[in-house]
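Here is a short briefing to read alongside the model.

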Amino acid sequence: MAAPAVTAQEASLPTVLVSRQVAEELRITEGAVVQVAPPEGSRARQFRVAAIYEPTPDPARLGATIREVRLHLPDLLDLTRDPKAFLGTDRVEAVNIALVDAGDARAFARDVNARLPGVLARTTVDAAGGGPFRVLERFHLAIALVTIIAATVFLLALTIMLVDERRETVGVLRLIGLPTSRILAQLAVEGLFVAGAGAVVGLAMAAGSEQLINRFFQWRYDTALVFVHITPKVALQCVAIAVPLGVAATVVASWALLRRNALKLVRR
Amino acid sequence: MTSTPATPIVRADRVTRAFAMASGPVIAVRDVSLAIDAGDYLAVRGPSGCGKSTLLHMLGCVDTPSEGTLEFEGRDVAKLSDRERSLLRLRAIGFVFQRFFLLPMLTAAENVELPQSEAGVGRRDRQARTRELLDYVGLAARADHRPSQLSGGEMQRVAIARALANKPRLLLADEPTGELDQTTGEHIAELLDRVNADGTALVIVTHDHTLASRARRVVTLRDGQVESDQAR
Amino acid sequence: MRALAFAWRSLVRQPARTALGVLGVAAVGALLFDMLLLSDGLVTSMRDVLDRTGFDIRVTATGELPRGGSRIPNASAVLKTFAALPEVERVMAIRFADGTVGVAPRSRTSVENDARPPYDTVSVQAVDGDAPYPWTVLRGRDVSGLNEVVVNEAMAQDLGVALGASLPLRPQCLSRSEVLPPTTVRVVGIVEFPLALGDFIVGSAMATLDAACGGNSSDEAEAMLVRATGDVDVAATALARARPDLRPMTNAQVLGRLQRTGFTYFQQISAVLTTVTLAFALLLITVLLTVSVNQRVGEIAALRALGLSRARVVADVLCESLLIVGFGGLLSLPLGFALAQGLDRILKDMPGIPSAMHFFVFQPQALAWHGGLLALTAFIAALYPMRLVAGLPIATTLRNEVTS
């Protein structure tokens, strides 16, 4: 939908950015003229919608309807100023500070509180907590670890069965004189191929489900938050874990078999 | 005064068994007719691939003919349900295999008890019958041994005991001495003689000339058909 | 030998494979159990926390959760109006404020050479009404007079605030362009604030907060906490009728809102991971059983030839599946409990989560769901190998065993 032509009067109005959710709810388009007022409703002012933006997604507010607009700071201050306030419009809600060493944050905050009465200084990211994204990262990592453990057990069970199916072949090879190391190397190479192929298939499945999961949850929560993101680093990590695990499982299973008496392997 | 002839245990009337293969149907058994009466001792011989095992499987109600009629004690086997055929095999037929097929995780006694348990025999009766059978085959002292602790001959004797567990009228043995040395094979042959002498009809499929010569009737198959059926 | 005993023997025959199958089920079963705990954990925990405050209804100006919207003006009048209602057993006004307290630098690493004590940021909860207050006294006693405060355990431990200590408190008052000298308050109790956010929390009577603001704080409250005499919904209706400009919300309504917003992500995660773990277990057991069956076709065909029915050999396979999943499921419970403790500790670091809340909360129905889902998985996982066994051609298999 093309924005309507802006009149000279409208062009002189201050601009505002409107979040996608508000724009959809109130059917606001780019270029529209809107009225914005503080909570008590008085002192409403007209603004022209310069653009519609996607709010930064916050997992801590997932499911909540995000209703926000963005103004230039002077416009916001002018709109919300307390006429009785001594300092007029030269005040803000908060000042963000980035320290050279983030480890000093707590001590710095305490110091500011002591030196500047009336100012509340607090660290933005609690060192132990790390913010919602960090917490979720740790949570997902824990889940991933458990899944890897379960997968390793599964892999070991599978390789034991697969190697056991070849026991007669292995027994015959031992009986005709092939050394254990040679047979083990052969089985390890086979394990490498299988693990490699499995890792590639796994990545393909992950890439497919990445799209599905993101689309579903973005629709479900009306958000731009990306829930699953497979980066080259993540893909490499997965392959770096899966392939050695697969080879190791094959070697362990094969070693257990090769330790047995060759005659017992060929006997039913 | 004439007596009514007893119904044969198994009667095969022009039975044929064909297998569908990619290259076309393969007829393993063609137009075979024979009857097995109570107490018979029959050896089935022939070159490899002539249909001996296929015929044995049909006689034992493990397989059904593609054409012809197969009756077990007067009942048309093709008309029986899978459950009825299973019950027939459980109660009336015993099988002895070339590869023994004992269950490795069960002891000799437990292997013999298994078909009895399935037939609903009570625990005490089962155990008594098992002791009797293991004694019959000369393995009473090995009742608690697993198959891995037994020799080939001992395993086959346990298999015979298992096949006799529910007092079958017919015992079918597919190459019972195929994986045994000559001496052991002779012991098995003697045991089978005794089984037959005690009243169980016996059909053996074998390459072994010595074993076949102990039978009172020899059926020779070639290319799925009966070449000869001679009583000794 | 019955199918279950037979299945046990079959499994014990391959101890390594069986043990790994059981361990695999235990690992995924632990995760499944935790996801079941998580699915209702937050709601259960929040319900418990709300109930522990001793109040049934929260009244706010805009219907937003406290600290999320405007304050209720003329709070003392509203308090009297509500208290007079027959449906109301008791009512309490609550106001939140940020502030700072000065703590003696006995263990501080900064400003050690400075005479001024460092000031830590605190959250203040001030209440107006009769005790009991919406916090639980752990040590000491509750506030009863002016300039008496209670603090949370974190303040006692991390800042070394002891019972009886005097602290300079400087709250943010009505006018942010004013800064008043700190008021000295005395710590009379260490308490647990069920719904409080933040590391360091101070509780006091409204009069103490007013005094610390020089008597200049407005007659406002973030919320009115109400305990109903009887039916909660009836009381909420009466409150709405008495003050149509305000928004009462019962604990159930608060929970409902939280379920639709903040909690929903974890419930979705729970659902997704429950599905993934079940699929994993299904795959594991199906593969185990299928390979096991394929390795035993000769034996199975021989058993069928001996007269064991199709149903019997199929039942053996099903019993194997049930045994693996059964043992794995039992083992998964202690593992799941331990894992839940760890995951709960991780998630409680999430900002905006009250300290008394937990993500993983045990409920008996979680056990029932766990058992039921695993049993269903065992059955479905066995379907394919059962089908293999049921459809096994006896004669062909016997022949192949001899010729192979």
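In this predicted model, the C-alpha centres of domain 1 and domain 2 of chain C lie 50 Å apart. The bounds of both domains come from an automatic or database domain assignment. Local features need pLDDT of at least 70, side-chain atom pairs count only at pLDDT 80 or more, and totals for chains, interfaces and linings use all residues. Residues are numbered from 1 along each chain as its sequence is written, and chains are lettered from A in the order in which they are written.

**Domains of chain C**
- Domain 1 covers 3-50 + 263-403, and domain 2 covers 62-245.
- Between them, 5 residues of domain 1 of chain C are in contact with 5 residues of domain 2 of chain C; contact means that C-beta atoms, placed from the backbone, lie within 7 Å.
- On the domain 1 side there are 3 nonpolar, 2 polar and no charged residues. Here Ala, Val, Leu, Ile, Met, Phe, Trp, Tyr, Cys and Pro count as nonpolar, Asp, Glu, Lys and Arg as charged, and the others, Gly among them, as polar.

**Chain C against chain B**
- Chain C places 21 residues in contact with 27 residues of chain B.
- On chain C, the elements giving two or more residues to this side are α1 (3-12), α9 (297-306), α10 (310-347) and α12 (394-403); helices are DSSP runs (H or I, at least four residues), numbered from the N terminus.
- The largest share, 6 residues, comes from α12(C).
- By class, this side of chain C has 10 nonpolar, 4 polar and 7 charged residues.

**The other chain pairs**
- Chains A and C share the most contacts of the 2 pairs of chains in contact.
- Chain A and chain B do not touch, and their nearest C-alpha atoms are 9 Å apart.
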